[in-house]
Amino acid sequence: MGLQRLGRDTLLYGLSTLLVRGLQIFLIPVYSRALGSGEYGVVETVAIAGALVNLTVAMEISQGMARYIADAPDEPARRAFASTAVGFAALAYAAFALAVAAFSDGLSQWLLAGQAPPQTLALAASAIAVNGVFVIVQDLLRWQLRPGSYVMASLAYALGSAGVGIWLVAVQGAGVAGVFWGQLAGALLGAAVSLSRAGGLLGRVFDGQRLRTMLRYSLPLVLSGAAVFGNLFIDRIVVRELLGLEALGVYGVTARFASVVSILAVGLQAALSPLVFRHWREPGTAITLGRICRWYLVAMVALVGGIALLSAPIMGTLTGPAFHGGSAVLPLLTLGAMFSTLYVFAPGLFLGERTGRVALLNVAGALVNLVAALLLTHWFGLLGAALAATIAPAFVFAGYLALGRPWFTVPYRAPRIAFTLALVMALVLTGMVWPATPTLWDPVALASKAALWCLCLGLAVALGTDAADRHQVSQIMRALARQRTL
């Protein structure tokens, strides 16, 4: 597994994630000023429902497709797996959108508490369905090891959803419906680009035997997906039920900023997973994965620590006044987002095809999340919900580490990783307790925070990695410098 290729692909997939996730963050100042916190609560509620739909409606066929495309013996076999999976997903999402349209009156009253008309919910369901098909077709580009085409599809999605959404919401005053029209336009454009680029893996093939093979692998992951949904969104559901739609709007906007943490993670995961699945039997793969994990946590000291220290200026500058209170929970939400990404460094259960255990682990994590969210939100409000969203993914990651070792053992160098994690948590705690300043961007406070940030980052590099880690990175940097001079 080549580190240079991994680095290049990570940058490209990271750019793709930056386009999509960065777009969501870019739209926050626009939408948070054009929509009230209650209306933004509607957007957040639909986002929660859409995440559950994407994890369950197509029965996680994308994961079955990914597993067997990697091991397929030839191109016709890969085409059969891909075409069957995409066809099955398209039928499942079409059935979902039609069902929501048929029952939109009752669903709108129950899900949106009368804050939006039934037509808006039907529109949102169509956007969710098209987005689901777009994601699985775009995924084909990843498994063809074509990160450039993957970025092009993401760019099409970003331009379509941002352009249409901003025009309808900010210019035409279309309200919540404008948000969903933008999402639908972006998904259609992204799907069109993905289909044009992934044509080599798609044909008029629907293989029932291969569908059953993929579903045997993926069906346990439906339960796992529902549990993952719980780990991602139980805190928001509890906030909605205990504190109301306006509180959910504030919490949801804050969580969008915390999702910046996953930009690096998703890019790395998108590049890393295909390489690990192809090379995991090679003896050097585990060593390389451990090295990448150590450097990843160093990057988290910089990213999570920086967001935590600047939480008040970030929320005060980029959101409307109704959302400024989210700065109190942003540090914890960024820490939880980091823990939710670490499972990529513990792939043993997936490589051993123990998807049933993956499901049980994620169910256990969801139960931990639910109990913690109910108790802590009742006691501490939004801060308690954020704490629950940190505890649960940390528990799940520990489970992946412990349960996956029989099938794939990674030399993590536990003391170094523990030290780096301690630095991240110290910066998060510091960001939470740092006293308020008269101005958002107070120069003295900023200088003090910058000095602390630099100190922690230097310690992470010096003590969180070893000489071999640093030598490997320096070799890669020298090789890249030579390539640029040629």
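Mentor: Gladly, and let's start with helix axes: these are lines fitted to C-alpha atoms over the stretch in contact, and the angle between two of them runs from 0 to 180 degrees between N-to-C directions. Keep in mind that this is a predicted model.

Trainee: What do the axes of α12 and α14 do in this model?

Mentor: The axes of helix α12 (residues 283–309) and helix α14 (residues 330–341) come within 9 Å and cross at roughly 160°.

Trainee: Why are α12 and α14 called roughly antiparallel?

Mentor: The label needs an angle over 145 degrees. Theirs is roughly 160°, and α12 and α14 are therefore roughly antiparallel to each other. The crossing of α12 past α14 is right-handed. On the α12 side the contact is made by Y296, M300, V304, I307 and A308, and on the α14 side by L330, P331, T334, L335, M338 and T341.

Trainee: How do you know that the length of α10 is close to what is expected?

Mentor: Helix α10 (residues 245–258) has 14 residues, and from its first C-alpha to its last it reaches 20 Å.

Trainee: What makes α10 mostly covered?

Mentor: Of its 14 residues, 13 are buried. For the chain, buried residues make up 54% of the 486 residues.

Trainee: Why is T45 called buried?

Mentor: Buried means under 20% relative accessible area. T45 has 6% relative accessibility, so it counts as buried. T45 lies in helix α2 (residues 37–56). Leaving out residues up to four places away in sequence, T45 touches L111, L112, R240, L245 and L248.

Trainee: L111 and L112 belong to α5. Which residues of α5 are buried, and why are they said to be on the same side?

Mentor: In helix α5 (residues 104–112), the buried ones are S104, S108, L111 and L112. They cover an arc of only 85° around the axis, which puts them on the same side of α5. As background, an α-helix has 3.6 residues a turn, so residues three or four places apart point the same way. On the other side of α5, D105, Q109 and W110 are exposed.

Trainee: Why is L387 called partly exposed?

Mentor: L387 has a relative accessible area of 31%, so it is partly exposed. L387 sits in helix α17 (residues 382–404). L387 touches L332 and L376, not counting residues up to four places away in sequence. L387 and L332 are 55 residues apart in sequence, yet 6.3 Å apart in space, C-alpha to C-alpha.

Trainee: What makes the phi of E60 worth a remark?

Mentor: Most residues other than glycine have a negative phi. E60 is not a glycine, but its phi is positive, about 55°. E60 is buried, because its relative accessible area is 9%. R413 also has a positive phi, of about 60°, although it is not a glycine. At 44% relative accessible area, R413 is partly exposed. After α5 comes A113, whose phi is positive too, near 55°.

Note on methods:
Residues are numbered from 1 along each chain as its sequence is written. This is a predicted model: local features need pLDDT of at least 70, side-chain atom pairs count only at pLDDT 80 or more; totals for chains, interfaces and linings use all residues. Side-chain values use heavy atoms; hydrogens and water are left out. Buried means under 20% relative accessible area, exposed over 50%, partly exposed in between (1.4 Å probe, protein chains only). Helices (H or I, at least four residues) and strands (E, at least two) are DSSP runs, numbered from the N terminus. The arc is that of the directions from the helix axis to the C-beta atoms. The expected span of a helix is 1.5 Å times one less than its number of residues. Angles under 35 degrees count as roughly parallel, over 145 as roughly antiparallel, 65 to 115 as roughly perpendicular and the rest as oblique. A crossing is left-handed if the near helix is turned anticlockwise from the far one by less than a right angle, and right-handed if clockwise. Contact means heavy atoms within 4.5 Å.
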